[in-house]
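These are my notebook entries on one structure. I record what I looked up and what I found.

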Amino acid sequence: MEKRSGFVVVVVLAFVLAACGSLRQQAFKDAEGNSITLGNSEAEVRKSVLMTLAAKGFQAEAKDGVNVIKGKKIIGDGGKSCAISMDCFLFPMADNSTRLQVAATEEISKTSSHVKYFWLLFIPIPYGSYNTTAVVETNTIDDKEFYASFFKKVQGNLPTAVPAPVATGK
């Protein structure tokens, strides 16, 4: 009996380690579509990212001297909510362009209501209620369309080069 229980423990332990190993390998999986190089200065891209996040209802935070802009938005639908967090990294390039790389995560929570009861002998008497919230899922956003729509809006907020006035001589 001891040999059998020892074998079961080894099999279960191997399964758990294999499952954790495959999840860790996903940590360095290449994200596709989460970066773009823009032909504008870092200051222009920073301003455009902040404008885009604010226009879409994100709470944005950018500290001076740090090339990261953080944004957070919570979307609720009944008893379910989704908190989207975005970290936008700005990398200035040698040719006065800027590389914008975004890492986004979502955290899905569910809220449920409960009734408080006071028991009078065997009779339940309701006297109030309370809510509990639990995080049911947390994921890194790998959706190319999510990032493409964000980059499109950032590009729309970038200043366009004003053509030089054409001199007409008479």
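In which loop is the place of Leu121? I located Leu121 in the loop between β5 and β6 (123-140). Strands here are DSSP runs (E, at least two residues) and helices are DSSP runs (H or I, at least four residues), both numbered from the N terminus.

Before going on, I note that this is a predicted model, in which local features need pLDDT of at least 70, side-chain atom pairs count only at pLDDT 80 or more, and totals for chains, interfaces and linings use all residues. Residues are numbered from 1 along each chain as its sequence is written, and side-chain values use heavy atoms, with hydrogens and water left out.

**Entry 1**

I looked up phi for Leu121 and read a positive value of about 60°, although Leu121 is not a glycine. Most residues other than glycine have a negative phi. Leu121 counts as exposed because its relative accessibility is 77%. The cut-offs are these: buried means under 20% relative accessible area, exposed over 50%, and partly exposed in between (1.4 Å probe, protein chains only).

I then turned to Asn96, which is found in the loop between β4 (80-92) and β5 (98-120). Phi of Asn96 is near 65°, again a positive value in a residue other than glycine. With 52% relative accessibility, Asn96 counts as exposed.

**Entry 1: two helices**

I examined helix α2 (residues 42-55) and helix α3 (residues 144-157), whose axes come within 8 Å and cross at roughly 120°. The axes are lines fitted to C-alpha atoms, for helices over the stretch in contact, and the angles run from 0 to 180 degrees between N-to-C directions.

Which residues of α2 meet α3? I listed Ser48, Val49, Met51, Thr52 and Leu53 in α2, which meet Phe150, Lys153, Val154 and Asn157 in α3. Contact means heavy atoms within 4.5 Å.

Leaving aside neighbours within four places in sequence, Thr52 is in contact with Phe150, Lys153, Val154 and Asn157.

**Entry 2: aromatic pairs**

How many aromatic pairs does a search of the whole structure find? The search finds 2. Rings of Phe, Tyr and Trp (its six-membered ring) pair if their centres lie within 6.5 Å; planes under 30 degrees apart count as stacked, over 60 as edge-to-face and the rest as tilted.

The rings of Phe146 and Tyr147 have centres 5.3 Å apart and planes at 85°, so this pair is edge-to-face. Phe146 is partly exposed at 21% relative accessibility, whereas Tyr147 is buried at 2%. For Phe150 and Phe151, the ring centres are 6.0 Å apart and the planes are at 55°, so I recorded the pair as tilted. Both Phe150 and Phe151 are buried.

Ile75 is partly exposed at 41% relative accessibility, and Lys70 is partly exposed at 42%.

Not counting residues up to four places away in sequence, Lys70 touches Gln59, Ala60, Glu61, Met86 and Asp87. With neighbours within four places left aside, Ile75 is in contact with Lys80, Ser81, Cys82 and Ile84.
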